[in-house]
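Thanks for coming, everyone. Please look at the model on the screen.

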Amino acid sequence: MKNRTRRTMLAAASALFLSTVANHAAQAAPKVATSIAPVYSITAAIMKDVGTPSLLIDQATSPHAAKLRPSDAKALQEADLVIWIGGNLTPSLEKPIETLPAKAQILTLGELDGLIELEVRTGGNWEKHVHDHDDHHDHDAHEEDHDEHEADHGDHEHDEHEHEDHDHDAHDHGDHDPHVWLDPQNGLTMAKAITAALSKLDAENADKYAANGKAFEEKLTSTTQSIKAELAAIKDKPYIVFHDAYHYYENRFGIAAVGSVMLQPGVAPGVARVREIRSKLKELNVVCIMAEPQFSDKILSTLIEGTDTKIGQLDPLGTNLDLGPNLYVELMRYNADKLTECLQ
């Protein structure tokens, strides 16, 4: 009887100890706030079996015009580490991040060394724009082609902008396109920076972060190679995107977007722009015009009326994907499959 009691007490003590250790580990996990779902996903993959980050801007909301909810503002204020792309993408986060306590660490992914950066494309007409689709990008050639493109279209775009109905809340991206995460090579660069930041903040779990980072790299690299093979079959088929969010994806995989419906996020195309798009659809035999779940697509049926152009969908954030560590890699695949489905 005494032995049984002793075993019972030891088992209870052991369970209590393990529970305490688990609770301590959970409490010790750093509080990490992330700006958008793809950044959340990469961070969640790196933090697997350690902790879970918080998401400040939900997947269905355009980051260009998002507003922080009180619960999100609280998560931001309590964060040990804040990971975001930068103010060019999420202007609503600039002031809240500037006022964070001194203890909070900020990782701005859009400013990382080694990040592939592309210039913002002017206007919504890119058929003359020359892409460098190799893994090693010739930035000088890119800028030269960009300048030539502006010279060809500059006067026209100036007139067009004068006639557009501008939304005063629309955000200027700055010199560089902020949608950097849509190049999976940038995804790898960001994952390494997130791994390093977490390891510095939480040295006890550095080995776990490193192992998770390696697993993420292997999975993304394999998926990228598969996507390259898939998209090779449709690389010359022209399509139009809803807003200019996919420059990095196009550049990585060598596909042929020839323009965008919106010239700025949140700015509906005016009458002149609608007329120009309809002309472009016929002139270039545009196969697809791609909707985007963060914006209303009601105008698309008007744009394609009387043409052979189909309506598809691309998504820069993963609105219809499960939020978690797999979302980023699945997002790369999702957009490849949607392009293939509409363009083949």
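A quick term first: buried means under 20% relative accessible area. Keep in mind that this is a predicted model.

Now find helix α2, residues 37-46. How many of its residues are buried? The count is 10 of 10, so by that under 20% cut-off the helix is mostly covered.

The axes of α2 and α6 come within 10 Å and cross at roughly 50 degrees. That angle is why we call α2 oblique to α6. The crossing is right-handed.

Which residues meet there? From α2, we have Ile42, Thr43 and Ile46. From α6, we have Gly187, Met190, Ala191, Ile194, Thr195 and Leu198. Sorted by type, the residues of this contact are six nonpolar, three polar and no charged.

Next topic: charges. The structure holds 10 salt bridges.

Start with Arg121 and Asp244. Their side chains meet in a salt bridge at 2.6 Å, N to O. Where do the two sit? Arg121 is in the loop between β4 (105-108) and α5 (139-163). Asp244 is in the loop between β5 (239-241) and α8 (247-253). So the pair ties together parts that are 123 residues apart in sequence. Buried or exposed? Arg121 is buried, with a relative accessible area of 6%. Asp244 counts as buried too, at 12%.

Arg121 has another partner, Glu250. That salt bridge is 2.9 Å, N to O. Again, distant parts of the chain are linked: Glu250 is in helix α8, 129 residues from Arg121. Both Arg121 and Glu250 are buried.

Arg252 is in helix α8, and Asp183 is in the loop between α5 and α6. They are 69 residues apart, another link between distant parts of the chain. Both Arg252 and Asp183 are buried.

One last point on partners.

Notes. Residues numbered from 1 in each chain as written. Predicted model: local features only at pLDDT ≥ 70, side-chain atom pairs only at ≥ 80, totals over all residues. Heavy atoms only, no water. Buried < 20%, exposed > 50% of the residue type's maximum accessible area, 1.4 Å probe, protein only. Helix = DSSP H or I, 4+ residues; strand = E, 2+ residues; numbered from the N terminus. Salt bridge = Lys/Arg side-chain N within 4 Å of Asp/Glu carboxyl O. Axes fitted to C-alpha atoms, helices over the stretch in contact; angles between N-to-C directions. Parallel < 35°, antiparallel > 145°, perpendicular 65-115°, else oblique. Left-handed = near helix turned anticlockwise from the far one by under 90°. Contact = heavy atoms within 4.5 Å. Nonpolar A, V, L, I, M, F, W, Y, C, P; charged D, E, K, R; others polar.
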